[in-house]
Amino acid sequence: MSKEEFNLYLTKEKSYSSFIEMGKDVYLYPGKFYKYFQSKQFLTELNKDKKRYLQYLNLKAENNIPDVFIFKMSYILNPYMSLRYHKFKFDTYKELGEMMLFYSPIVDVYLKDFIIYNLLSSYMERLGDDHKFPHIYKKLKEIEEIAKTDDQKAYWLLAYFLADTKKLHYRNKIYDSPDKFFSSQLGISSLIDFSSSFLADKAVLTWLEINGYEERLKRFESLTKVNDANEKKAKQTRARIIEKKKAEEKNNN
Amino acid sequence: MGDYIIMNNIDKTLLLAEEFGVDVSLFTSSYLENIIKSQEYADLVVNVKHASEFELRRAVKLVNDFKEINYDIKSFDEAVILASRVNYLYSVSDEAYYINPLENYSFPIFTKSIGEVKFRIDTRDLPFQEIIDDDNLTTEQKARCIKKNCDRFSSELIAKHNFDYKRVKNNKALKHIVTVNVIGSIIAFLLGLGTFALAIYTMVSSRTIFIETWTAPNITSVYFWSIILFAIFSYLSFLFALLLLARINYFFAPVFYFGRHLKSNIIKINNDIVKRAQAMAIYLFNACVNHKHLENDISKFTIKRKNYFESKLYARCYKASSDQGIRAFKILFILCFLLAALAVGVFFIMLLLVDKRSL
């Protein structure tokens, strides 16, 4: 490791003497660091570390969105630190899973980035955790594939897998069986709240699938799909009949 | 006007909850009520009644499917299935879905143009005008659609005629009714004719007893009255036999028609259907090419031949046995024939047994 001193000034009040030190804080000030990483001052200092500078250029060439660039850049600066992203810091993978479930049924947009931009798998590869935790890495790669078509479901699959739990986390409560959960949702306000989002957020649907209720879910999905299709057909028929009546009335007048 | 049947997210939640053993019976009855009171259901009932007039594949299926709807709902799941079924049947209960533009209907129909008739394209059923107006479809796709659907219309009608023909041909009960009535009326006719011929014989015969009756009538003579009454009643029995025959013919004309001309006529009708289907296909293809708006052309390609296959004509055959006219003519014929026979009997008794003389 280079023992060279660097002059890295994020702000007048915030400065760092090494890239390692700076890398630890990137997740706390993502906006500020993004601007800083484009600055002449930073590039001048970075140029002194040829290896990091080359990695920086390669990263720039990838043309990532700013959040992804910041994440990857932080690990170019400090490849040894724990998982950090947008003010989130996790010492273990389980902590990540638990944090994802904490917000359930809401999907945190930044935590979702771990899956959809493959940030978590690239972190594991960089640290060598793909060999240390092969079962996690393998599952993560499967989930990243699922995310290409269903990112909501992928999110919850990862959350429950990393948290290593089969209990439902929902609005800061924990349920261990579907009937207890659904019974609790039949009150007027909770029914309206739950029904307005459960199909979109997929928190509960994914949990049911994880717990082996796939068959029942398939039946539910197929019934609602057929019902929706027939509703659509009926609506189209109705619209045509109304249009025809209007045209006839117009001709008669 | 009722509301429409729409399954919202609350309904979906209840459906899912029930799947996991939660009791949602409180919600099931109100959901079921919404279905039965809905505008779709009300319209469906009216549409099915109208569809029952049509003897076409899709119309018959609609009517049967409607009859098979299960209203004994015990769960939310079953209520959802019912709602789905009602919506689906409503979407195919529109006359435009099942009407065949080649068929000649003897009752009022709502469809005014072939443009309204639903044509199958890929997996959808669309009014043909929408297919004309759809610029995303190539001419080739439209041509294929036209051919497929025109073939469907012609084969449906041909199959219907063939089915009706077989239904009549193999109908043993109908055959029995026809046989009994026709043979009966022929026998009556022959008997009536026979007695009438005999009456004519008495007028032209050179036998003295007959000449005396017609040229020098003796009103005190039994022979006179027996011959006159025989003539009158034989004439009447012949008349009533003719009327009976005419009435029987009225009821069984379709069956007679079949018997004599069925095979040749059915071939002619089927060929006519195929020709009209081809002409319709050309017409529709030109409409596509020229982006024409079709109007008031529903009868342009309908078959003109009288449809002897209509089941109403067959229903007439079954009514023959309870027809007042046939009964009356039968009774009157039998009465007159018996009276004529009685007159003949009296004549011969007098002649052979009383006077002991020959003709």
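## Cavity

Helix 5 of chain A gives the largest share of the lining of the largest cavity, three residues. Helices (H or I, at least four residues) and strands (E, at least two) are DSSP runs numbered from the N terminus. Two or more lining residues come from each of helix 5 (66-77) and strand 3 (83-85) of chain A. Among the lining residues are A:Ile70, A:Phe71, A:Ser74, A:Arg84 and A:Tyr85. By class, the lining has seven nonpolar, three polar and one charged.

The largest cavity holds about 50 Å³ of space. A cavity is a set of points on a 1 Å grid over the protein atoms alone where a 1.4 Å probe fits but cannot get out, and lining residues have an atom within 4 Å of a point.

## Basis

This is a predicted model: local features need pLDDT of at least 70, side-chain atom pairs count only at pLDDT 80 or more, and totals for chains, interfaces and linings use all residues. Residues are numbered from 1 along each chain as written, chains are lettered from A in the order written, and side-chain values use heavy atoms, with hydrogens and water left out.

## Interface

Chain B brings 36 residues to the contact (heavy atoms within 4.5 Å) and chain A brings 33 residues. About 3,100 Å² is buried between the chains, 65% of it from carbon and sulfur atoms; this is the accessible area (1.4 Å probe) lost on being put together, summed over both parts.

Six salt bridges link chain B and chain A, each a side-chain nitrogen of Lys or Arg within 4 Å of a carboxyl oxygen of Asp or Glu. One of them joins A:Arg240 and B:Glu130 (2.8 Å, N to O).

How values were computed. Buried area is the accessible area (1.4 Å probe) that two parts lose on being put together, summed over both. On a 1 Å grid over the protein atoms alone, a cavity is a set of points where a 1.4 Å probe fits but cannot get out, and a pocket is an open set with protein on both sides within 12 Å along at least five of seven lines; lining residues have an atom within 4 Å of a point. Grid points are joined across faces, edges and corners, and a volume is the space filled by probe spheres set on the points. Ala, Val, Leu, Ile, Met, Phe, Trp, Tyr, Cys and Pro count as nonpolar, Asp, Glu, Lys and Arg as charged, and the others, Gly among them, as polar.
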